[in-house]
Amino acid sequence: IPKTSPAVWVLGSEFYFRPEDGGFLISACDEFQVNPSEGEIVDPSVMENIRIKMAQWIPDALPLRTVRFWAGMRTFSPDGKMVLGSDERVNGLHWAAALGGHGMTCAPAIGRLVAAGLFKKVLA
């Protein structure tokens, strides 16, 4: 898969894929609540969910083999929104947290925006 291929996020179907190391990085965009002290939980049923979504959105990729399969721990705030901006409790502390899995793609830009003071969320 050419590394210049686009990243694709299928909204509504919650399916994501993009070029990675000559193949695809594919995500079923699934969410499971876990206890952080237990670490990542790799649920094999997710692979079947990915295959079903692949059959719909990228059927030509079905014969490709899986090289790696892992789970990442994404952080969310109670209201599901990103926590961005200054913390009134600690002078000079600014938050860019609870990115819910979007950190790898948008953290550099969010960091610049928070550093520039464009988010004024105050944590009580």
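Guide: Welcome! Helices and strands here are DSSP runs, numbered from the N terminus. Please keep in mind that this is a predicted model.

Visitor: Thanks! Where is Arg65 found?

Guide: Arg65 lies in the loop that runs between helix H1 (45–57) and E4.

Visitor: Is Arg65 buried or exposed?

Guide: The general idea is that a residue counts as exposed when its relative accessible area is over 50%. Arg65 has a relative accessible area of 69%, so it is exposed.

Visitor: And what separation do the C-alpha atoms of Arg65 and Gly23 have?

Guide: Their C-alpha atoms are separated by 9.6 Å, while along the chain the two residues are 42 residues apart.

Visitor: Let's turn to strands. In which sense do E2 and E3 pair?

Guide: Strand E2 (residues 15–20) pairs with strand E3 (residues 23–27) in the antiparallel sense, over five bridges. Within this pairing, Pro19 is opposite Phe24 in E3. The two strands form a hairpin with two residues between them, and Asp21 in the turn has a positive phi of about 50 degrees.

Visitor: Now for another loop. Why does Asp87 count as buried?

Guide: Buried means under 20% relative accessible area. Asp87 counts as buried because its relative accessibility is 4%. You will find Asp87 in the loop between strand E4 (83–86) and strand E5 (94–97).

Visitor: Which side chain makes a polar contact of 2.8 Å with that of Asp87?

Guide: That is the side chain of Trp95. The Asp87 side chain also makes a polar contact with the side chain of Arg89, at 2.7 Å.

How values were computed: Residues numbered from 1 in each chain as written. Predicted model: local features only at pLDDT ≥ 70, side-chain atom pairs only at ≥ 80, totals over all residues. Heavy atoms only, no water. Helix = DSSP H or I, 4+ residues; strand = E, 2+ residues; numbered from the N terminus. Buried < 20%, exposed > 50% of the residue type's maximum accessible area, 1.4 Å probe, protein only. Polar contact = N/O pair within 3.5 Å; in protein donor to acceptor, adjacent residues only side chain to side chain. Pairing = 2+ DSSP bridges.
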